[in-house]
Protein chains: 2
Amino acid sequence: MKIPVLGIGVTKFGELWDYSPRVLVKQAVAEALNDARLKITDVDAIFVANMLSGILGNQENLGALFADELKSANKPAFKIEGACASGGLAIHNAVNSVLAGVYEKVLVLGIEKMTDHNPAEIAQALMSAGHDEERASGISFPGLYAILARAHMEKYGTKEEEMAAVAVKNHYHASLNPKAQFQTQLTIEQIMKSSCVADPLKLLDCSPVSDGAAAIIISNIKYQRSKTKRTVNIVASTVATDSLGLRGRKDLTTLKAAMVAGSKAYQQAKIKSSHIDVAEVHDCFTIAEILAMEDLGFFSKGKAARAITRGATKLGNGGLVVNPSGGLKACGHPVGATGIKQVCEIVTQLRNEAGERQVKGAKIGLAHNVGGSGAVAVVHILKN
Amino acid sequence: MKIPVLGIGVTKFGELWDYSPRVLVKQAVAEALNDARLKITDVDAIFVANMLSGILGNQENLGALFADELKSANKPAFKIEGACASGGLAIHNAVNSVLAGVYEKVLVLGIEKMTDHNPAEIAQALMSAGHDEERASGISFPGLYAILARAHMEKYGTKEEEMAAVAVKNHYHASLNPKAQFQTQLTIEQIMKSSCVADPLKLLDCSPVSDGAAAIIISNIKYQRSKTKRTVNIVASTVATDSLGLRGRKDLTTLKAAMVAGSKAYQQAKIKSSHIDVAEVHDCFTIAEILAMEDLGFFSKGKAARAITRGATKLGNGGLVVNPSGGLKACGHPVGATGIKQVCEIVTQLRNEAGERQVKGAKIGLAHNVGGSGAVAVVHILKN
């Protein structure tokens, strides 16, 4: 598989009360089209990633809505939903459609508008990603990930300070990303002192509620960006699922869907995890990045937390850098946009255009997008 | 394109208060797997079509939910949504994935559970397919289609009795379909006397609120059903969009998305509309079948209503038969299942297994699935 990425676009992530979903999508798409030097009518199909517009805004049919809004001239359009993995899943289906030769140039856009709603509404809406037994019990997503954190702490001796180290690193990276929601650095102490949300997870272990949009344009044509500029290609796109609720899992210290999707992706790209220079992983909570590091084979089980704490995945370390954008934790997590923003960040890094947060010499990157408490995972590998 | 359909399954459609969505999906999938002589673990990916589970049941992430529920063993799974066209759009994306060679055998399932909710909730939820300006005006889908009906009546002199003739035909067909929601025949008089819903549309011009599920299994392998049994292949799969709201349309007497998707499908299948022996079209309201007949090229503009009234598309007429299942109008319209049930019916007809409602000698069939008031349309052509 070798699918060139022709263009990328990402809006500012944050509490964007002055912008409607339509405006955010237009911003991201205009940036991606400009980057690809294409017009919207050059695009053959539109894939939209979104989770919550139905529940929060009583608006479905987003494929047609944005095909219309963007003046695509009757182009085919689809909405793909798989909770927080909607973005990655939309890219996967778009990749399949260009691999099939059915469409030549495809726009994939992700959008979520969350901050206009009150926190109780958002918490309830997000639980639509989980199992009805879990919803009936009254648990929310911080609670589900707190269970995963406890299991990891018990089995591997993972410490709360080590989880906090994930947030410290990702806030440092976000401080170098002008589009990030939080561009302020944090200390371990600040995180440890922040209010408890679901023991052992504290407020600053959690990714925020965010608004934002992201877009990429991919193709099956041969593409040379320019004589001097690098073309980045998607070389693997894989998806796996697991039980919807935690009750169905044999092991709570690993997300099997991520392991399966990851190992398939390495096979597809004919590389090993050790070849990855830069990764954007789904750190919806700090424990999730620790799980991702182990499930994707970057560290053996029980070893990631200590490695992150000693700075093994931090910008400037000389090796693998994880979440240079700031991740979901600090760049923000507008659900439908997240999986697409991850790929935009990897493309930016592999093009050597990431400015202050550039991972030096990055040639192979990975994006890891998870839905629910690990019910679905998507992995993309990109190369230049 | 030549994608064999390995298996099909459809539940009874109707007010199924004793069955949960999980049970309905299991019934349809078991039937499809049995028909294909496969186990769920033989399937490489699962595409789920559903519109309303988020809004009505606060449950998203249906790809992972059903991959888990069906014990698929970590298989990739996706939810595709495009209002009432969700089923057709899911098949289109599944077709692309097998054309790409990414998956070999793919299960596409559609599910909707609507009758457990009160009519006001349903009407509001369905308006999530429309434009926010339309929602703000207080209009509902019968109202939107009533505008289309009025425009057609004014331009072509279409009569209310001619719209009623669509319902008479489709109820007759449904009377021969044991899985149909309404198996009772109607007269023009009964329809004309039924209560006005949105002038000129009366209660019996409208498709019902329904529960039901449908499933198909498609593949990219060469497939011979048996020495005596016919293999039915998908030979065209096309999608087009139009403005989300009626305000954006230049012409209210045609659905442009259906015209575009239809003409592309004929090109793809290298046939003309006159080659179609049997069609399942999206008759959410009686006027919608009249529009479909003209937009798909079966009759020239303004000629379909009279043709339907004189029985030109009725079972036993010797020519094209439209909606032998009973259509959305009489077989029922569980939104996410509809587009998949349409393909199941065409497969049944082309296999010559439709019993009392068999279209004699049917060799080429078409399925036409519409989302919203024509914002998106999907056309599939099948052949044996």
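**View 1. Superposition of chain B on chain A in the predicted model.** A rotation of 180° with 0.0 Å of shift along its axis brings chain B onto chain A with an RMSD of 0.0 Å, the superposition being by least squares on the C-alpha atoms of residues with pLDDT of at least 70 in both copies. This is the relation of a two-fold axis. In chain B, the residue that comes closest to the rotation axis is A100(B), whose C-alpha lies at 1.9 Å. The model is predicted, with local features needing pLDDT of at least 70 and side-chain atom pairs counting only at pLDDT 80 or more, whereas totals for chains, interfaces and linings use all residues. Residues are numbered from 1 along each chain as its sequence is written, and chains are lettered from A and ligands numbered from 1 in the order in which they are written.

**View 2. The surface through which the copies meet.** Because 100% of the interface residues of chain B are also interface residues in chain A, the copies meet through the same surface.

View 3. Apart from neighbours within four places in sequence, L109(B) is in contact (C-beta atoms, placed from the backbone, within 7 Å) with residues including V25(B), A28(B), F66(B), A213(B) and I340(B). Buried residues make up 65% of the 384 residues in chain A.

Methods. Buried ≥ 20, exposed ≤ 12 C-beta atoms within 10 Å, placed from the backbone. Contact = placed C-beta atoms within 7 Å.
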